[in-house]
Amino acid sequence: MTSWKQRSGVIVMIQRDASFERDVVVIGGGGHVGLPLAIAFADRGANVAVYDVNPAAVEQVNDSRMPFDEPGAGPMLERAVARQRLFASADPAIVGTAGHVVVVIGTPVDEHLNPDQQAIPRALSGCSEYLRDGQLLILRSTVYPGVTALVEKMIARLGYAIDVAFCPERIAEGRAMTELFELPQIVSARREAAFERAEALFSLLTASQVRMTPEEAELAKLFTNVWRYVKFATANQLYMMANDRGLDFERIRQGLMLDYPRAADLPAAGFAAGPCLLKDTMQLAAFNNNNFALGQTAMAINEGLPLYLVDRLKRRYDLESMAVGILGMSFKGGSDDIRSSLAYKLKRILSFTAGTVYCTDPYVTVDASLLPLGDVLAKSDLLIIAAPHAEYATLATSKPIVDIWDIRGAGVRV
C-alpha cells in the first residue's frame with residue numbers, strides 16, 4: 001500500500017508494506033530524543049508506535065501528556081494521539097508491527113568510564129523475537145564506533161532478512177520540534193535499498209540528506225558533540241584567564257566579536273554539561289586508545305569549572321559561615337533535564353565548603369529537595385546562577401549574585 005503526503009510543494013511518498021500495520025516503531029520512544037522524533041513522524045502522516053520500558057512515560061504519551069518539557073511538542077502530541085497516528089506501549093511485541101524500527105538507546109559509559117558497546121545489542125535482545133523479515137532497523141542515538149557493524153552481525157546471527165541503517169539524531173534539546181524539520185539528516189547504510197528506504201522515511205521531515213558509510217556517520221556524530229565540547233572548554237579556559245587577572249571575559253568577548261565574523265562562534269563561559277557532550281568525548285578518547293589530549297583537556301576544564309568557582313569564592317567570602325543558594329539545577333537554560341548537570345556537582349562541592357546549600361529551579365520536577373525561589377532568596381547570603389534560566393535575568397535581590405553566564409548583563413568576574 002502506498003500513501004501520499006504533500007509537504008512544502010513536494011510530494012512525499014511513504015512506502016507501506018501491507019504486512020505491517022504501522023510505518024514506524026521507536027524503541028526508547030518515551031525519552032528526550034525518541035519521543036520528539038515519534039511525534040514529528042506522526043505529525044507528517046506516518047502511523048507511529050512508541051515502545052518504552054517506562055510505564056509512566058507510556059501512560060503519559062497515551063494521555064497526550066509530555067513526560068518532559070520540549071517546546072512545541074505538546075500540541076503536536078495531542079494531535080497525533082487524537083488522530084490515532086501515535087500509540088505507546090511497554091509491550092515489546094509492538095516492535096513487530098512496523099516496517100521501520102528506530103532504536104533510540106544511547107551507548108552509556110560504565111563505572112570505569114569506558115563505553116558500553118553492548119548496550120544496544122543487549123537492549124535489542126529483549127525484543128529480538130518480535131523482529132520480522134523485511135523491516136529496516138535504524139540506529140538513531142550516538143553509538144560507539146563499530147556498534148552499527150556489531151548490530152548487523154547480531155541481526156545476521158539471528159537469521160533475519162533485515163537491513164540496518166545508522167541515521168544519527170542532530171537536535172539540541174529544547175529545539176527538537178524545529179530542528180527535526182530543518183537540519184540535514186545524515187543517512188548511512190551498506191546497501192542501496194537500505195539507503196533508499198531510510199531516505200524515504202526521513203524525507204517526511206527534511207528534504208536535505210547526506211549519505212555516509214556507517215563508520216563515517218558514527219564518527220561524524222561523535223565529532224559534532226566533541227567539537228562543541230572543545231569550543232565550550234576554550235571559552236571556559238579563556239574566562240578563567242581573564243577572571244584571574246580581574247578582567248571581565250564577557251566584556252572582552254563581546255568586544256572582539258563585534259562585526260568580526262571569524263570570532264562569531266566563540267561561546268560564552270558557563271557549565272558545559274548534559275547527557276551527551278562529556279560522554280561522547282570519553283567515547284572518542286576510548287576509540288582512539290585514550291590518545292586524545294585535546295578532548296581530555298576539555299574534560300578537565302569543563303568538569304573543573306565548578307571547583308574553580310568555589311575556589312574563587314572562598315577567597316572572597318567566608319563560605320563556611322554562609323548559606324549559598326544555587327539558582328537552576330538543570331543542565332541548560334530553559335530545560336527541565338538534570339542529566340549530568342554540573343549544578344549538582346557544584347552542590348556537592350559546596351556541601352563541604354559552605355555552611356548551608358539551598359537549591360531551586362523553576363522547571364525541574366524530579367528533585368524533591370528543591371525549594372521555591374522565594375525561600376532560597378530569603379535564606380541565602382550568596383547566590384550562584386548555575387543554569388541560565390531567563391527568569392533569573394531580571395531577578396530583584398540585594399544579595400550578591402555570581403553569574404558566569406552574564407545573563408544579567410552585570411559582568412562575569414568572580
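Predicted model: local features only at pLDDT ≥ 70, side-chain atom pairs only at ≥ 80, totals over all residues.
Is the crossing of helix 11 and helix 12 left-handed or right-handed? It's right-handed, where right-handed means that the near helix is turned clockwise from the far one by less than a right angle, and left-handed means anticlockwise. Residues are numbered from 1 along each chain as its sequence is written, and side-chain values use heavy atoms, leaving out hydrogens and water.

**View 1. Helix 11 packs against helix 12.** Their axes (lines fitted to C-alpha atoms over the stretch in contact, with angles from 0 to 180 degrees between N-to-C directions) sit 9 Å apart at an angle of about 35°. Helices here are DSSP runs of H or I with at least four residues, numbered from the N terminus.

**View 2. L350 and its contacts.** Skipping neighbours within four places in sequence, L350 is in contact (heavy atoms within 4.5 Å) with V310, L319, V324, I326, V357 and I384.

**View 3. The largest nonpolar core has 58 residues.** Such a core is a set of buried (under 20% relative accessible area, 1.4 Å probe, protein chains only) Ala, Val, Leu, Ile, Met, Phe, Trp, Tyr and Cys residues joined through side-chain atoms within 4.5 Å. Y239, F271, L319, L346, L350 and I404 touch the most other members. Helix 8 gives the largest share, 9 residues.

Notes:
Buried < 20%, exposed > 50% of the residue type's maximum accessible area, 1.4 Å probe, protein only. Helix = DSSP H or I, 4+ residues; strand = E, 2+ residues; numbered from the N terminus.
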